Amino acid sequence: MQNYKKSLIAFSIIPQILLLKILANYPAFVESAYSTSLYIYISKGMRYVFGWLPISVGDILYTLLSIYIIRWLIINRKRIIKDTKHWLLDVLSAISIGYFAFHLLWAFNYYRLPLHESLNIDKDYTTEELVALAEQLTTKTNTIHLSITHNDSVKVDMPYSKAELLEMIPEGYHQLSKTFPYLEYHPRSIKKSIYSLALTYMGFSGYLNPFTNEAQVDGLIPSYKFPTTGSHEVAHQLGYAAENEANFIGSMAAMQHPDVYFQYSGHAFALRHCLNEIYRRDPEIYETMFPKINSGVLKNYKEVQNFWNAYENPLEPIFEKTFDSFLKASNQSAGMESYSYVVALLVNYYTSNPLD
Ligand SMILES: [Zn+2]
């Protein structure tokens, strides 16, 4: 490539960053010009292309790219000293192209309207409202739990394989789309990641590949988590980039799913978030909540905790910190620590739409 063109591409990263800084002030524009228009076509198109393939194309692309980068760095190692300027230009132009593709294909969604604004619900709530929802969720979770196990101290085991669970995820969205038509999810593209073990060690239960729009679930996590994790990644796929918003939509998709095991996973997940927030606000109330929950439900919580504890390692916090910093740099001021916002969405949504 000509040097002039290469410099132009390399330094286009500066106007790109400036443009994003400006876009952060215009969420309504991003919502209409990207998230609810162009992005819909991008996501659908990619799901048509890659969704039907049983293997993760994104993971394969990442593998090939990593090999290419390592090879390139080895071949061009001497240029770092001899030809620093052009070496840097090569690297910067590659970063610049990647950055552009990342935003065009997915990441502008970080700059869209917050969900409570598009749903027209409040984002504040009182501890009383929170406790009231947690109590409703406890009753509902206990009821579903008992209808499955017929014994309050037995944990729920999924009767489906993990592949079957992934196949069932769209039904929850189909149900949800009766209230929220823009959450209709077709075609599907949800797969186990080839790099499940690495994801587990990094502390991630799934991710959305922004370049192929494939929803990736860590294949090692307990089956009980598949409905909510899979639905969480689908929410990302539908353009809800923020973690807490994907949690809210994902938990609703599982709670409203026609299958009782999905309902169980969804309600227990929402309850878990409420309990965490109650603990943060008032540990004494938290203590009074626990005896009300079936011990079988607590065993499912424990199962998940044990799973993550088994893979704990010194590098995990570093990966989490990196992802957290990335979110903060991408217009997500709360980073990963935004659980109370998912609870805010749950409380305010279910205050006006009570659980049945
Ligand atoms: Zn996520």
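A residue counts as buried when its relative accessible area is under 20%, and this cut-off is used in the legends below, which describe close-up views of a predicted model.

**View 1. Asp-259 in the loop between helix H12 (243–255) and H13.** With a relative accessibility of 12%, Asp-259 falls under the 20% limit and therefore counts as buried. Leaving aside neighbours within four places in sequence, the residues in contact with Asp-259 are Tyr-160 and Met-168. Gly-172 is 87 residues away from Asp-259 in sequence, while the C-alpha atoms of Asp-259 and Gly-172 are 8.5 Å apart in space.

View 2. The chain is divided into domain 1, spanning residues 3–111, and domain 2, spanning residues 115–352, and the contact between them takes 29 residues from domain 1 and 32 residues from domain 2. Taken over C-alpha atoms, the centres of the two domains are separated by 29 Å. The largest nonpolar core has 84 residues, of which Tyr-173, Phe-248 and Ile-249 touch the most other members. In general, nonpolar side chains of soluble globular proteins tend to be buried together. Ile-249, when its neighbours within four places in sequence are left aside, is in contact with Leu-115, Tyr-173, Leu-176, Leu-183, Ala-235 and Tyr-240.

**View 3. The salt bridge between Arg-112 and Glu-31.** The side chains of this pair meet with an N to O distance of 2.9 Å. Arg-112 belongs to the loop between helix H6 (84–105) and helix H7 (115–118), whereas Glu-31 belongs to helix H3 (residues 27–50), and the pair, 81 residues apart, links distant parts of the chain. Both partners are buried, Arg-112 with a relative accessible area of 9% and Glu-31 with a relative accessibility of 11%.

**View 4. The salt bridge between Lys-292 and Glu-135.** Here the closest N and O atoms are 3.0 Å apart. This pair also links distant parts of the chain, 157 residues apart, with Lys-292 in the loop between helix H14 (283–289) and helix H15 (295–310) and Glu-135 in helix H8 (residues 127–149). Lys-292, at 40% relative accessibility, counts as partly exposed, and Glu-135 is likewise partly exposed, with a relative accessible area of 34%.

**View 5. The salt bridge between Arg-281 and Glu-277 within helix H13.** The closest N and O atoms of this pair are 3.3 Å apart, and both residues lie in helix H13 (residues 260–281), where they are 4 residues apart, or about one turn of the helix. Arg-281 is partly exposed at 34% relative accessibility, whereas Glu-277 is buried, with a relative accessible area of 4%. Elsewhere, salt bridges that share partners join Lys-6, Arg-79, Asp-83 and Asp-90 into one network. The count of salt bridges comes to 10.

**View 6. A nonpolar patch on the surface.** The patch is formed by Ile-55, Ile-60, Leu-61, Leu-64, Ile-67, Ile-194 and Tyr-195, which together have about 620 Å² of accessible area. Ile-67, one of the patch residues, is found in helix H4 (residues 57–75).

Definitions and conventions. Residues are numbered from 1 along each chain as its sequence is written. This is a predicted model: local features need pLDDT of at least 70, side-chain atom pairs count only at pLDDT 80 or more; totals for chains, interfaces and linings use all residues. Side-chain values use heavy atoms; hydrogens and water are left out. Patches are made of residues with over 30% relative accessible area and no salt bridge: like charges are joined within 9 Å, nonpolar side chains (Val, Leu, Ile, Met, Phe, Trp, Tyr) within 5 Å. Accessible areas come from the Shrake-Rupley method with a 1.4 Å probe; for residues, only the protein chains shown count as cover. A salt bridge is a side-chain nitrogen of Lys or Arg within 4 Å of a carboxyl oxygen of Asp or Glu. Helices (H or I, at least four residues) and strands (E, at least two) are DSSP runs, numbered from the N terminus. A nonpolar core is a set of buried Ala, Val, Leu, Ile, Met, Phe, Trp, Tyr and Cys residues joined through side-chain atoms within 4.5 Å. Buried means under 20% relative accessible area, exposed over 50%, partly exposed in between (1.4 Å probe, protein chains only). Contact means heavy atoms within 4.5 Å. Domain bounds come from an automatic or database domain assignment.
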